[in-house]
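Dear colleague,

Please find below the structure that I am handing over to you. A summary of the findings follows it.

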Amino acid sequence: MNEQENILLTEAIERYISGEMSPDERLHFENLRKENSEVDQMVVAHTLFMQKMNRYNEWQKFHVSLNEIHDNLATQGKIDSPSLKGKAKLVYLFNKYKRVGSIAASIAGLTALLTSAILWSVTPKTPTAQWQDLNRSINTLTNKTRQQAEEINNLKNNHSSSMRPPEITYSSGGTGFIIDNKGLLVTNAHVIQNARSIAVANAAGVEYFAEVVYTDPVRDIALVKITDKDFKTLPPIPYGFTRKMADLAEPVFTLGYPREDIVYNQGYLSSKTGYNGDTLSCQIEIAANRGNSGSPILDNNGDVIGILNGRQKDQEGVAFFIRSRNLYNILSEIKDKEKADTSIQNVRLNTRSTLTNLSRQQQAKKIQDYVFMVKVS
Amino acid sequence: MKETILEQEILLLKGLARNDKKSTEEIYKQNYNLIQALVVNNNGTADDARDIFQESMVVLFEKARSGTFELNCQIRTYLYSVARRLWLKRLHQQNRFTEEWNDAGNMIRVDDDMDTHEQKDQEYDLMHHSIQHLGEPCKSLLEAFYFQKKSMQDIADAFGYTNSENAKTQKYKCLMRLKKLFFSRYNKK
């Protein structure tokens, strides 16, 4: 009984709020409100709740239209947003084919199990030790090929380094790091010299095709652009580039690829000039190995002070880097040239490091996504 | 010249209040890049920027809808100020460092608007939560009646009630449940 009344009252309130009542009804209802405070209270409370529900509905619709607009504008290129089309499409396809896919997968799985069961029952039981032997021989084979490849590489390196002062060993096929998050890297000119094709790989091992867009053999700096369409613009670069000269004894660190995985090293500035008094570069005390060429040299604030380019053969731990100032000079020279690639002309180096007050672990973590292995063939 | 800009902006806001797609798109187009730069330059990603910008748009939307909004600054300035506050708050919540704050835009004080927005935003979340927890058929029933504005008869047909009176009773029960869900958490705050 009471419920029935409440239903009627709620309906009346809703019609009252939305203005659907006729003037007579309205007057009658307002009188009821005045007489019965309980009804009045209900009207107020319900109105409030309706307002909240309405707002919820409006916001929801607004969010939907905002998202539509965003995607539209992004695909039209009117706003600078990475378009989500690929991802959205993937989700759509996934949802569409998930059923079919799972059925197919389970059938495939069953078949595979069956086949292996049959094979297992048919094959004569051989002792497992034989398998291991086989494995090892394959291993030694690959080791041999690797050794041969290394020897060939060494020969090549010796050949190229013979043109340089004999005391310096330049490693080749090295490291590069991002100077523009759209995919521009800097590395050493000697890393990519005589390159037929170039690929870069990030810390996770994902490889991208790249091409050399600028080389300066005198300063030993080269710019490499990632041309791979799979490459997505990275978040803003965490480190800055400083023109300033570091002080003697200032601690420095670097991340590079002397082997397949990224390697961290630290040291200090040991001389403000480079090999044989070269003023373009500085000397540091750091454990640098083949493959470290082109690694960024950073100071405590996370500012890049230079690019590692070589070490002295007869002295342990002595390495050299090219000062960041040279990179600035090169970029401004490119800007003055008319024919240069616009993607390089528009590059502005980040001057502000966002790594200033972080611990070294955090700094390295943030930087490592921006340091790439440069593979040359 | 300044007059016409002001008039244009007032027109845009009126369109926004009606949820008119063209006006919303225009405001979006004119301001998104600025807000994205603000967020991205201050330790955020493009996705963060999208979130923050859209939340700022909601604040502007509410403001325009309230009818009391007087345009005493450019839409751009307003959005920038709101987005800046929202982003600072988000950074603070995530304990990310903010000591180097890069910004370039003009700003005005938006403290009051932020407070009302925060409350409305909480209510929105609460409503969302309550509706999601309502279960079927209550959720669809209420949505059909209150949001899609369908008639009781249509609803009865669509949901398979024998007549619109039964649907009405069911709707009432659902609404009561929703209110209970909503206020049980609302009053705790």
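A cavity here is a set of points on a 1 Å grid over the protein atoms alone where a 1.4 Å probe fits but cannot get out, with lining residues having an atom within 4 Å of a point; points are joined across faces, edges and corners, and the volume is the space filled by probe spheres set on them. The structure holds 2 cavities of 30 Å³ or more.

This is a predicted model, in which local features need pLDDT of at least 70 and side-chain atom pairs count only at pLDDT 80 or more, while totals for chains, interfaces and linings use all residues. Residues are numbered from 1 along each chain as its sequence is written, chains are lettered from A and ligands numbered from 1 in the order in which they are written, and side-chain values use heavy atoms, without hydrogens and water.

The lining of the second largest cavity consists of A:Lys52, A:Arg55, A:Tyr56, B:Lys120, B:Glu123, B:Tyr124 and B:Met127. Two or more of these residues come from each of α3 (37-76) of chain A and α5 (111-132) of chain B, helices being DSSP runs of H or I with at least four residues, strands runs of E with at least two, both numbered from the N terminus. The largest share, 4 residues, belongs to α5(B). By class, the lining has 3 nonpolar, no polar and 4 charged residues (nonpolar: Ala, Val, Leu, Ile, Met, Phe, Trp, Tyr, Cys and Pro; charged: Asp, Glu, Lys and Arg; polar: the others, Gly among them).

**The interface and chain B**

Chain A brings 43 residues to the contact and chain B brings 49, where contact means heavy atoms within 4.5 Å. About 4500 Å² is buried between the two chains, 62% of it from carbon and sulfur atoms; buried area is the accessible area (1.4 Å probe) lost on putting two parts together, summed over both. In chain A, the residues that lose the most area to chain B are A:Tyr56, A:Trp59 and A:Phe62, together 18% of what that side buries.

Chain B has 8 helices and 0 strands.

**Two positive phi values**

A:Asp220, in the loop between β5 (207-216) and β6 (221-226) of chain A, has a positive phi of about 60°. A:Ala249, in the loop between β7 (240-241) and β8 (251-256) of chain A, has a positive phi near 75°.

Yours sincerely

Notes. On a 1 Å grid over the protein atoms alone, a cavity is a set of points where a 1.4 Å probe fits but cannot get out, and a pocket is an open set with protein on both sides within 12 Å along at least five of seven lines; lining residues have an atom within 4 Å of a point.
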